[in-house]
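Here are my notes on the model you sent over. Have it open while you read.

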Amino acid sequence: MAFELPKLPYAYDALEPHIDARTMEIHHTKHHGGYTSKLNGAIEGTALEGKSIEDILANLDMDNGAVRNNGGGFYNHSLFWNILSPNGGGSPTGALADAIDSAFGSYEGFKEKFTAAAGTRFGSGWAWLCVHKGGKVEICSTPNQDNTLMPGVGCGGHPILGLDVWEHAYYLNYQNRRPDYITAFFNIINWDEVAKLYADNK
């Protein structure tokens with residue numbers, strides 16, 4: 001089965017004013033759609049065809065640029081849409097909150113470190129909150145469409161929260177003001193989904 005562009009769990013305008021509808025539509029249909037079709041083309045007729053995206057990325061030949069870039073783009077955006085919500089914001093609770101407090105001292109400590117990871121990523125890339133087996137969480141960033149499932153990239157572990165800091169994710173509304181976009185992101189995080197990913201992968 002070829003990979004398919006997932007539907008968004010909300011309307012394109014649902015995240016306004018934090019992310020505008022036009023950006024969401026272009027980001028989803030053009031960028032994510034492009035990664036999806038190019039990934040399918042890159043794996044067609046190869047041993048990777050029929051494998052899960054997680055399996056493909058975990059065992060990736062990092063010199064295979066087509067699969068690395070488009071597989072990463074497909075996976076990263078599929079995660080990104082689901083950890084956003086028009087009813088998001090607030091702060092994590094339960095076991096995830098405990099893990100964040102243990103790693104960063106407090107939710108505010110987490111926000112500060114995550115903001116730094118996203119804000120200091122030179123050029124295009126992602127900031128991640130990852131969970132390691134045993135439940136420890138860690139923050140890191142990766143360039144381009146790399147993610148922490150790939151061999152030797154970032155902090156390892158399983159990504160449970162990611163922020164896209166490619167300019168296509170925010171430029172129509174924020175232009176060069178990446179810090180404002182990062183600040184807005186915290187208002188639309190779907191902490192219930194992040195907590196589920198934490199529980200499933202710790």
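1. Start at the cap. S106 caps the N-terminal end of α5, with a side-chain oxygen 3.4 Å from the backbone nitrogen of E108 (a polar contact is a pair of N or O atoms within 3.5 Å, where one must be able to donate a hydrogen and the other to accept it; residues adjacent in sequence count only if both atoms are side-chain atoms).

2. Some ground rules. This is a predicted model, where local features need pLDDT of at least 70 and side-chain atom pairs 80 or more, while totals for chains, interfaces and linings use all residues. Residues are numbered from 1 along each chain as its sequence is written, and side-chain values use heavy atoms, leaving out hydrogens and water.

3. Y107, G109, F110, F114, A117 and A118 are its buried residues (buried is under 20% relative accessible area, exposed over 50%, partly exposed in between, with a 1.4 Å probe and protein chains only). They span an arc of only 160° around the axis, so they sit on the same side of α5 (the arc is that of the directions from the helix axis to the C-beta atoms). E108 and E112 are exposed on the other side.

4. What about β1? 7 of its 7 residues are buried, so β1 is largely enclosed by the rest of the structure. G125, A127, L129 and V131 cover one side, and W126, W128 and C130 the other.

Key. Helices (H or I, at least four residues) and strands (E, at least two) are DSSP runs, numbered from the N terminus.
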